[in-house]
Amino acid sequence: MRRTLSHTLVFLLLATPQAWAVGKAGLWTVTTTYQFGMPVVPPALVALARQQGLKPPVTGQPFTHHMCMTPYEADGRQPPHLNSRDLDCVNRIVSLRAGRMVLEGICHGPLEGVGRSQITWRGNVHFDGLYEFKGRFRGDPTSVSSGFAGDWTGEDCRGVRSFIPQNN
């Protein structure tokens, strides 16, 4: 009985978010290929591209941008914000096991619906995954799907701001 209890306590200690560490804090280069099920690119993606001096994404074409991952995102206490300025969506970690993270994002505003991501971490300096969104954009039915990959570039975010959640 004592052995079972001690094994349970060790498991609970190891199951803290810090034990789930998946990435490194700092600058990440993320390349995404989107398939938009709408005639207009979502304004949040256009704003992200302009903020970083990039052309907005185009359906079927790779789009590369940067994100600054916080220590909380890197150690699994918060979901990574792959679109660092999309404030209309609230993300949560559904599961995190053995380097695989499942996220769910609920969006309200011009983009209304639910998105789901699956991220696979390859060590702590690379990830790749898939994203699916179904909902409405300004009242019209829409869907977005994408494949993406991210590589750690270094500790210095070089002016790319970390995601700061809104206080509601």
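**Charged pairs in the predicted model**

Modeller: Arg92 is partly exposed, its relative accessible area being 44%. In this predicted model, the side chain of Arg92 forms a salt bridge with that of Glu104, with N and O 3.2 Å apart. The two residues belong to distant parts of the chain: Arg92 is in strand E3 (residues 89-97) and Glu104 in strand E4 (residues 100-107), 12 residues apart. Glu104 has a relative accessible area of 18% and is therefore buried, because buried means under 20%.

Glu104 also has a salt bridge with Arg116, where the closest N and O atoms are 3.6 Å apart. Since Glu104 lies in strand E4 and Arg116 in strand E5 (residues 111-121), this pair ties together parts that are 12 residues apart in sequence. Arg116, with 40% relative accessibility, counts as partly exposed. Through shared partners, the salt bridges join Arg92, Glu104 and Arg116 into one network. As a general principle, side chains of opposite charge can pair when their charged atoms come close.

A further salt bridge joins the side chains of Arg122 and Asp128, at 3.1 Å from N to O. Arg122 is partly exposed, with a relative accessible area of 48%. The count of salt bridges comes to 4, and the pairs described here are among them.

Conventions
Residues are numbered from 1 along each chain as its sequence is written. This is a predicted model: local features need pLDDT of at least 70, side-chain atom pairs count only at pLDDT 80 or more; totals for chains, interfaces and linings use all residues. Side-chain values use heavy atoms; hydrogens and water are left out. Helices (H or I, at least four residues) and strands (E, at least two) are DSSP runs, numbered from the N terminus. Buried means under 20% relative accessible area, exposed over 50%, partly exposed in between (1.4 Å probe, protein chains only).
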